[in-house]
Amino acid sequence: MRYDVIIIGAGPGGIFSAYELTKLNPQLKVAVFEAGHCLEKRFCPIDGDKIKSCISCKSCSIMSGFGGAGAFSDGKYNITNDFGGTLYEYIGKKQALDLMKYVDDINMHYGGEGTKLYTTAGTKFKTLCIQNDLHLLDASVRHLGTDINYIVLGNLYNHLKDKVDFYFDTMVETVCTAENGYEVKTAQESYFCKDCVISVGRIGSKWMEKVCGEMNIPTKSNRVDIGVRVELPAAVFAHLTDELYESKIVYRTETYGDKVRTFCMNPKGAVVNENTNGIITVNGHSYEDPEKQTDNTNFALLVAKHFSEPFKDSNGYGESIARLSNMLGGGVIVQRFGDLIRGRRSTPDRMKDSFMTPTLNATPGDLSLVLPKRILDGIIEMIYALDKVAPGTANDDTLLYGVEVKFYNMEVEVNEQLETKYDGLYIIGDGSGITHSLSHASASGVHVARNIINKQ
Ligand SMILES: Cc1cc2nc3c(=O)[nH]c(=O)nc-3n(C[C@H](O)[C@H](O)[C@H](O)COP(=O)(O)OP(=O)(O)OC[C@H]3O[C@@H](n4cnc5c(N)ncnc54)[C@H](O)[C@@H]3O)c2cc1C
């Protein structure tokens with residue numbers, strides 16, 4: 001079977017490549033291969049009742065399938081160059097922002113209309129933060145919410161399904177050069193194409209490394225972010241979240257000079273498990289629909305770790321810490337802040353006594369036995385710093401879930417077209433190590449599609 005373009009991975013990067021390719025040239029023969037299920041078959045069995053925690057499904061529906069890792073995400077599209085990836089380093093700041101706005105227009109057209117666009121521009125919180133040595137990053141945030149995000153994805157699929165051949169539940173095993181392009185091999189068959197776009201996301205990190213090794217595509221080690229997910233009563237952060245929805249706040253610790261940042265804020269949301277290559281970590285999401293909202297807000301506090309010489313395996317380091325929490329807690333551990341600073345574990349009884357109702361069923365335990373001192377000290381310092389702009393953050397009952405790890409793929413060597421040293425072989429989205437967000441990954445998909453069309 002021969003195609004003009006084969007896209008590997010149907011996350012935001014792959015979807016927006018397919019969208020733009022078929023828009024610019026409807027005659028193009030395009031196929032999308034996706035290891036996970038189609039959208040309507042994606043289902044996480046955790047129901048909080050019969051199945052309380054991750055049972056390591058063969059294909060994790062949270063991370064894989066049409067919509068990629070973004071399908072059950074909070075659908076927060078951060079339109080900014082300040083975080084979410086370094087796409088701007090390849091294509092320029094203006095173009096990166098223009099592409100993110102273009103993606104936002106498409107999302108609005110396909111069901112997102114009426115959702116709120118928040119912005120940090122001119123907010124009084126910037127001053128409040130700086131007065132307390134906290135730094136609020138600039139961004140516009142489109143919040144689709146998990147429910148509307150799902151509707152947008154469904155509409156995009158309906159738009160694409162007759163224009164593109166989708167192969168779901170079809171893992172690509174290898175990619176190699178062939179006459180006039182590339183051979184894409186699955187367990188059953190080989191497919192051929194002129195241009196190949198690889199957009200395998202974070203779940204495809206190990207596979208991506210293997211392909212880069214086989215094809216001698218240079219890569220370099222990226223960082224890993226390690227920390228906890230904080231959950232507290234929504235009222236504590238309401239003044240910030242009502243106006244900004246998501247506030248990305250950075251703090252430099254006094255003890256070590258490390259930067260700790262807030263990440264992925266979910267007002268009135270829920271804490272969820274995340275399964276990356278069999279390791280259970282924690283994440284969060286929230287809904288636009290008031291019926292599905294909770295009384296709690298959650299966000300991550302993360303510390304970035306880079307390694308250079310002689311140790312380079314940042315992800316391996318993060319994985320080991322996450323494994324330790326899985327070993328002690330059988331999954332994710334939860335601890336009250338009051339217990340952590342008193343040097344004692346949280347127990348089921350202490351949790352029952354708490355005024356907070358956790359939204360994730362995690363094992364009460366002791367995060368100080370899991371997180372390295374330097375990281376934990378930084379998180380504690382940041383909680384006290386946040387308490388000054390959002391009093392109540394450092395309350396005894398504030399819950400810390402651990403561990404939250406943000407793995408970044410090895411950064412692959414690509415040019416400003418996101419093309420590898422092989423003509424017509426592109427690597428985009430989170431799988432490239434260049435993007436780490438819905439908006440950047442989607443923008444990289446549009447960028448690559450336009451480059452492919454321009455070269456024809
Ligand atoms: C719970 C959760 C919440 C999140 N919330 C947000 C948020 O609110 N805002 C935000 O900006 N970001 C969020 N993110 C991150 C965001 O989802 C990712 O940055 C984004 O999805 C990256 O898009 P991508 O297309 O590069 O990769 P992905 O979305 O990861 O998609 C890659 C796809 O490739 C498939 N694949 C992998 N290997 C192969 C193979 N060999 N063959 C075939 N298919 C393969 C995978 O199954 C997957 O479906 C969240 C992530 C999670 C897990």
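A word on conventions before the tour. Because the model is predicted, local features need pLDDT of at least 70 and side-chain atom pairs count only at pLDDT 80 or more, while totals for chains, interfaces and linings use all residues. Residues are numbered from 1 along each chain as its sequence is written.

Let's begin with the ligand. There are 45 residues around it, and Gly9, Gly11, Gly68, Gly201 and Gly429 come nearest; a residue belongs to this shell if its C-beta atom, placed from the backbone, lies within 6 Å of the molecule. By class, the shell has 16 nonpolar, 23 polar and six charged residues. Here Ala, Val, Leu, Ile, Met, Phe, Trp, Tyr, Cys and Pro count as nonpolar, Asp, Glu, Lys and Arg as charged, and the others, Gly among them, as polar. At least two shell residues come from each of α1 (12–24), β3 (76–79), β16 (279–285) and α12 (438–455). Those labels are DSSP runs numbered from the N terminus, with helices being H or I of at least four residues and strands E of at least two.

Now, two of those helices, α1 and α12, also meet: their axes come within 7 Å and cross at roughly 35°. The axes are lines fitted to C-alpha atoms, for helices over the stretch in contact, and angles run from 0 to 180 degrees between N-to-C directions. The crossing is right-handed, meaning that the near helix is turned clockwise from the far one by less than a right angle. Among the residues making the contact are Pro12, Gly13 and Phe16 of α1 and Leu438, Ala441 and Gly445 of α12; contact requires C-beta atoms, placed from the backbone, within 7 Å. The residues of this contact divide into 12 nonpolar, six polar and two charged.

Most residues other than glycine have a negative phi, and most peptide bonds are trans. The bond from Gly402 to Val403 is cis, with omega near 0°, and Val403 sits in strand β20 (residues 399–407). Cys264, in strand β14 (residues 259–266), has a positive phi near 50°. Asp133, in the loop between α4 (124–131) and β5 (134–136), has a positive phi of about 60°.

Buried or exposed, how do Cys264 and Asp133 count? Cys264 is buried, because 23 C-beta neighbours lie inside 10 Å, and Asp133 is exposed, because it has 11. The cut-offs are 20 or more other C-beta atoms within 10 Å for buried, 12 or fewer for exposed, and partly exposed in between, with C-beta atoms placed from the backbone.

Last stop: Ala390, in the loop between α11 (373–389) and β20. Ala390 and His239 are 151 residues apart in sequence and 8.2 Å apart in space, C-alpha to C-alpha.

Notes
Two residues are in contact if their C-beta atoms, placed from the backbone, lie within 7 Å.
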